[in-house]
Amino acid sequence: MRKKERVLEIIERLKKEYPDAGCTLDYNEAWKLLVSVRLAAQCTDARVNVVVEGLYEKYPDIDALAAADVEDIEAIVRPCGLGKSKARDISACMKMLKEEYDGRVPDDFDALLKLPGVGRKSANLIMGDVFGKPAIVTDTHCIRLVNRMGLVDGIKEPKKVEMALWKIIPPKEGNDFCHRLVYHGRDVCTARTKPYCDKCCLADICKKVGADK
Ligand code: SF4
């Protein structure tokens with residue numbers, strides 16, 4: 001099976017396996033997803049979801065968070081790790097949203113990339129989840145899984161993986177596909193243990209277990 005056919009088959013099988021897969025960060029406003037995705041670097045989404053509750057209780061909107069002392073933000077977000085730099089980015093990002101975007105999150109990829117602390121992964125996540133636009137989020141699960149499946153060949157650099165996937169994944173499928181890779185990566189194609197290929201719905205078409213390229 002050719003790579004393009006295989007990726008379509010993988011997309012369909014993962015849809016059946018994880019029909020409701022979505023973002024595992026809790027948010028009800030776009031700016032909150034920006035905050036959460038910054039906090040999620042080297043931290044679990046579950047922990048981020050707990051920490052932001054305390055943050056939003058004290059600073060319930062962009063204006064409040066933009067005006068907050070960075071040290072105070074740091075004290076609240078410290079359990080997520082990298083507290084200093086995350087607090088600094090969140091503060092600068094909220095200030096920029098307030099001053100340059102009238103308190104709204106821009107629906108433009110390049111504008112998102114200019115926000116402090118926002119990289120391609122975060123910008124893609126916002127474009128896909130908040131604005132419903134084509135997106136490919138190359139997080140650690142995505143990179144590990146698409147390499148194992150043989151959808152990319154030994155590429156580990158996130159931007160290169162993203163560019164390779166844009167060539168083979170239909171744009172409208174990218175965002176949900178990446179969410180499903182997270183679920184599959186946690187449950188089956190795991191990082192810290194051997195992947196559970198024997199119970200994987202992709203075993204017959206996965207390069208790691210011997211499918212043709
Ligand atoms: S067959 Fe194994 S390596 Fe391939 S996707 Fe499934 S669990 Fe991962």
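Let's start with Arg120 and Glu162, which form a salt bridge whose closest N and O atoms are 2.9 Å apart. (For a salt bridge, a side-chain nitrogen of Lys or Arg has to lie within 4 Å of a carboxyl oxygen of Asp or Glu.) What you're looking at is a predicted model, where local features need pLDDT of at least 70 and side-chain atom pairs count only at pLDDT 80 or more, while totals for chains, interfaces and linings use all residues. Residues are numbered from 1 along each chain as its sequence is written, and side-chain values use heavy atoms, with hydrogens and water left out.

Now step back to the whole chain. It's divided into domain 1, made of 3-22 plus 136-212, and domain 2, covering 30-130; these bounds come from an automatic or database domain assignment. Taken over C-alpha atoms, the centres of the two domains are 28 Å apart. Where they touch, domain 1 brings 11 residues and domain 2 brings 7, with contact meaning heavy atoms within 4.5 Å. About 690 Å² is buried between domain 1 and domain 2, and carbon and sulfur atoms give 48% of that area. (Buried area is the accessible area, taken with a 1.4 Å probe, that two parts lose on being put together, summed over both.) Which residues of domain 1 supply more of its buried area than any other three? They are Val137, Glu162 and Asn175, which supply 48% of the area that domain 1 buries against domain 2. Across this interface, the rule finds 2 salt bridges.

Helices here are DSSP runs of H or I with at least four residues, numbered from the N terminus. The buried ones are Trp31, Lys32, Leu33, Leu34, Val35, Ser36, Val37, Arg38 and Leu39. And what covers them? The cover includes H3, H4 (62-67), H5, H6 (83-100) and H8 (120-130).

Lys32 also has a charged partner: Lys32 and Glu29 form a salt bridge, with the closest N and O atoms 3.7 Å apart. Lys32 is buried because its relative accessibility is 11%, while Glu29, at 37%, counts as partly exposed.

Two of the covering helices also pack on each other. Two packed helices are described by the angle between their axes and the distance between the axes. For H3 (residues 45-58) and H5 (residues 70-77), the axes come within 9 Å and cross at roughly 150°. (Axes are lines fitted to C-alpha atoms, for helices over the stretch in contact, and angles run from 0 to 180 degrees between N-to-C directions.) From H3, Val51, Gly54, Leu55 and Lys58 meet Asp72, Ile73, Ile76 and Val77 of H5. Also in H5 sits Glu74, which counts as buried because its relative accessible area is 14%. Leaving out residues up to four places away in sequence, Glu74 touches Gly83, Lys84 and Ala87.

Back to the charged pairs. Side chains of opposite charge can pair when their charged atoms come close. The model has 15 salt bridges by the rule used here. One of them joins Asp153 and Lys3, with closest N and O atoms 3.4 Å apart. This pair links distant parts of the chain, 150 residues apart: Asp153 lies in the loop between H9 (140-149) and H10 (158-168), and Lys3 lies in H1 (residues 3-17). Asp153 is partly exposed at 40% relative accessible area, and Lys3 is partly exposed at 28%.

Glu173 and Lys172 make another salt bridge, at 3.4 Å from N to O. Is each residue buried or exposed? Glu173 is buried at 12%, whereas Lys172 is exposed at 69%. Salt bridges that share partners join Glu12, Lys15, Lys172 and Glu173 into one network.

Finally, find Arg186 in helix H11, residues 171-187. With 41% relative accessibility, Arg186 is partly exposed. Apart from neighbours within four places in sequence, Arg186 is in contact with Thr24, Asp45 and His141. Arg186 and His141 are 45 residues apart in sequence, and 7.9 Å apart in space from C-alpha to C-alpha.

Note on methods: Helix = DSSP H or I, 4+ residues; strand = E, 2+ residues; numbered from the N terminus. Buried < 20%, exposed > 50% of the residue type's maximum accessible area, 1.4 Å probe, protein only.
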